[in-house]
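Student: Could you walk me through reading a new model, one feature at a time?

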Amino acid sequence: MTPVISVENLTVEYKTPYGSVRALQNLNFQIQTGEIFGLVGESGSGKSTAAWVIMRYLADNGQVVGGEVLFKGIDLFTLKAAELRKYRGKKIAMVYQDPMTSLNPAMTVGRQIQEVIDLHQGGTKEQTWTQAVSMLEKVHISDPAASAQKYPHELSGGQKQRVVIAMALSCNPDLLILDEPTTGLDVTTEATILDLINELRAKFDSAILFISHNLGVIAKISDRIGVLYAGRMLETGPVQSIFLHPLHPYTEGLLNCIPKIQARSFKKRLEPIKGNFPNLLDLPQGCIFHPRCLYRVSSCSEQIPELMPSGIGRNSACLRWKDLQDGSIGKKQRSTNLQTAAQQDPAVPYRNHADVILELDSVKKYFGGISIFEKLAGKKPEFIHAVDGVDMQIKAGQVYGMVGESGCGKTTLGRSIIKLHRITAGTIRYKGLDVWRLDRPKTRQFHQQAQMIFQNPDSSLNPKKTVGQILARPLELYHHLDGGSLDRSTEALLEMVRLSSNYKNRYPLQISGGEKQRVGIARAFAAEPHLVVCDEPVSAVDVSVQASILNLILDLQKQFSVALLFISHDLSVVQHISHNVGIMYLGELVEVGDVDQVFSPPYHPYTEALLSAVPTVDFSAIKDEIRLVGPVPSAKRPPPGCRFHTRCPR
C-alpha cells in the first residue's frame with residue numbers, strides 16, 4: 001500500500017550569519033491512511049521544520065539540500081506554485097500551535113472557515129456558509145450557528161483550537177499535520193481535543209502527523225512514533241512498545257523526566273537529561289547524543305549509528321540497542337550514583353512549620369461594569385466573577401498547588417495576591433498585615449518579599465535589555481548594589497539557575513524558552529523573597545527542560561525557605577511539587593487539602609474528572625475516562641447552588 005506521506009532521506013539547512021544550521025539530517029518516516037504518527041523530541045529537534053517542509057512553507061533562509069517528500073507517490077518538491085495550491089489546504093492541511101496566530105482577529109470564525117471551503121471547493125455563498133457551520137458542529141462547538149458569527153477573541157482557547165481543526169478538515173484532507181495542538185490547554189480541554197481528533201480520524205480516514213513534546217499526549221493518541229533529536233531520528237516504532245521498553249538512551253531519558261502522580265513516600269527526584277542540547281552549528285562527532293548519554297562507550301564518539309531494525313516494526317539509531325533490549329543496561333540497571341542520589345534527595349519540597357505567611361479571607365475579584373452612557377441608557381451592569389470568595393492560607397516554606405480549567409480564576413488570584421489587580425472585596429493579609437492598607441515603606445518591603453514567575457517569559461522580559469541588565473534591576477532596587485558587587489551578584493544569580501556568566505550579554509531573543517524561564521526565576525529570587533507566585537512556569541517547555549526547572553524551583557524553595565503558590569493545569573506537576581493543593585472551578589475553591597489526600601479517592605467529582613483526563617505513558621494503568629459534558633457556565637452569570645452541578649457526572 002502506498003503511504004499517504006513518505007519522507008525519505010530529508011536534509012534541511014538554514015542559512016544564518018553564523019553559518020549553516022542543519023535542522024534535519026537524513027530524516028525518514030511514512031504515514032499510512034488512517035494512521036497517527038507521533039513526532040517527539042526536545043525543543044529545537046526539528047519537529048516543526050519537518051511539518052513546514054511537508055507544507056512547503058519553509059522560511060526564506062531554509063533550503064532542502066537532500067531527500068524528497070512524496071505525497072501518495074508524488075514528489076511535492078517538483079510541484080510548481082499553481083499545482084501546489086491544489087494540494088495545500090485541500091489534500092494536506094495543518095493545525096498550528098497557537099490558534100491566535102492562524103485566526104484573523106478581524107473576521108468571524110465562520111467566515112474564515114467559509115473562505116477555505118470557497119477557495120478549494122467553491123459553491124454558492126449559502127452553501128459554503130452552511131458547510132462552515134456544519135464543520136463547527138462536527139468539532140462539537142456548542143450552538144455552531146451562533147458561534148460562527150463570533151470573532152476569535154470571543155472564544156475560549158479550546159474553542160479556538162476546535163475552529164482551526166474545523167478549518168483544516170473542511171476539505172476532508174488526506175494528510176492532517178497537528179503541531180502542538182494541545183499546548184497550553186487544561187487537561188479536560190486537552191482530553192476533549194484528543195477525543196475529537198480520534199473521532200475525526202475515524203470519520204475522515206486521514207493520515208495524521210501529530211507533533212508534541214508531551215509524551216502522555218503522544219502515548220494516548222499515536223499508533224507509531226518517531227523520536228527526533230537535533231535533526232536526526234533516533235528511534236521509531238509502535239508507541240506502546242517504545243514507551244514500555246525504549247531501545248535508545250534518549251527515549252529513556254525523556255521518559256525519566258516525567259513526574260508521576262504517586263504518594264509522597266514514593267517520590268523520587270526527577271532526572272532531567274544531563275548536559276545541554278547541542279549547538280546545531282557545531283554538532284558532535286559520532287553519535288549526536290553521546291555527550292549526554294549515560295551508556296556511551298568509546299566507539300560512540302567515532303561512529304554515527306544508522307537507524308537500524310531492532311524488533312518488529314522498530315528501529316533504533318544506537319550502537320548499544322541490543323544491550324538495552326536484553327536489559328544489561330537501561331532503566332532497570334540505573335547507575336549506583338543515580339540511585340543513591342535519588343534516595344538521598346527525594347522530590348519532597350521543604351516545609352517550614354512556621355506561622356501563616358499569606359492569608360486570604362473571602363477574596364473576590366470582578367471585572368466589567370458599565371460606562372456612564374450605558375447607565376444613562378438604562379443598561380444594567382454585568383460583572384465577570386473571576387474570583388468569587390476564596391479563603392486560603394499558606395505557611396512559610398509551604399508549596400501550595402492550585403489547579404483548574406482555563407478561565408477558572410487561578411491567574412487572576414495569583415496576580416491579585418501580589419497586587420497586580422485590586423481586589424473587589426475581601427482581605428489579603430501578608431504576615432498578618434492587610435496588603436491594601438500598607439504605608440509606603442511597608443508596601444516597598446512587600447513588593448520585595450512577594451515576587452511572581454510569569455507564565456510567558458517573552459511577555460515579562462524586556463526585549464531591549466540584556467539578561468545581565470534584567471537581573472541587575474532588582475539587585476539595584478532592593479539591595480542597592482553597584483559596580484563590582486552588582487556584577488558578581490548577577491553572575492551568582494545566573495549560576496544559581498544553571499546558566500553560565502556569558503548569558504549576561506545576551507538578549508531574550510537570543511536564548512531558548514527554557515533559558516528565558518530560568519532568567520525569570522532568577523529575577524524573582526534576586527529580591528530574596530519570602531513568597532513567590534509561580535504562574536504556569538513549565539506549561540510550554542519540553543519534558544527535559546520541565547524536569548530541570550521543577551528541580552531548580554524545589555532547590556531554591558529549600559535554599560530560601562520561601563512559600564510558593566504554584567499555579568498549573570498539569571496535575572502531575574502540581575502533585576509532584578506541592579504540600580497542599582486547591583482545586584478551583586469558576587472562581588471558587590471546590591476542594592482543598594493535603595496533596596496526597598486530595599489526589600486519593602474519594603474525590604470531589606470535579607477533581608475526579610481532572611485526574612481521569614491526565615494523559616499518561618503508563619499503559620498498565622486502567623482508569624475510567626470521565627468527560628465533562630457541556631460548556632463551562634458564564635462567569636458573568638454563575639449557576640446557583642453548587643457551581644459544578646451543571647456539568648457534574650454524579
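Student: What should I know about the model before going on?

Tutor: This is a predicted model, where local features need pLDDT of at least 70, side-chain atom pairs count only at pLDDT 80 or more, and totals for chains, interfaces and linings use all residues. Residues are numbered from 1 along each chain as its sequence is written, and side-chain values use heavy atoms, with hydrogens and water left out.

Student: How many helices and strands are in the protein chain?

Tutor: Both are DSSP runs numbered from the N terminus: helices are H or I with at least four residues, strands are E with at least two. The protein chain has 24 helices and 22 strands.

Student: What radius of gyration would a compact globule with 650 residues have, and what does the protein chain have?

Tutor: The radius is taken over C-alpha atoms, and the globule rule is 2.2 Å times the number of residues to the power 0.38. For 650 residues that puts a compact globule near 26 Å, and the protein chain agrees because its own value is 26 Å. Along the principal axes, the C-alpha atoms fill a box of roughly 70 × 70 × 50 Å.

Student: And burial: how much of the protein chain is buried?

Tutor: Buried means under 20% relative accessible area, exposed over 50%, and partly exposed in between (1.4 Å probe, protein chains only). Buried residues are 52% of the 650 here.

Student: What about the accessible surface of the protein chain?

Tutor: Areas come from the Shrake-Rupley method with a 1.4 Å probe, and for residues only the protein chains shown count as cover. The total comes to about 28,800 Å², with 49% belonging to carbon and sulfur atoms.

Student: How do I read a helix, say α4?

Tutor: Start with length: the expected span is 1.5 Å times one less than the number of residues. Helix α4 (residues 109-120) has 12 residues and reaches 17 Å from first C-alpha to last, close to the 16 Å expected. Then look at sides. An α-helix has 3.6 residues a turn, so residues three or four places apart point the same way. In α4 the buried residues include Val109, Ile113, Val116 and His120. Their cover includes α2 (81-87), α3 (99-102), α5 (125-138), α6 (144-147) and α7 (157-169).

Student: Why is α15 described as largely enclosed?

Tutor: Because 6 of the 8 residues of helix α15 (residues 410-417) are buried. They are Lys410, Thr412, Leu413, Gly414, Ser416 and Ile417.

Student: Which residues does Val573 touch?

Tutor: Val573 is in helix α22 (residues 571-577) and is buried, with 0% relative accessible area. Not counting residues up to four places away in sequence, Val573 touches Pro259, Val538, Gln546, Leu550 and Phe566. Between Val573 and Gln546 there are 27 residues in sequence and 9.2 Å in space, C-alpha to C-alpha.

Student: Is Asn214 buried or partly exposed?

Tutor: Partly exposed, at 27% relative accessibility. Asn214 lies in the loop between β8 (207-211) and α9 (215-221). Leaving aside neighbours within four places in sequence, Asn214 is in contact with Glu190 and Pro615.

Definitions and conventions:
Contact means heavy atoms within 4.5 Å.
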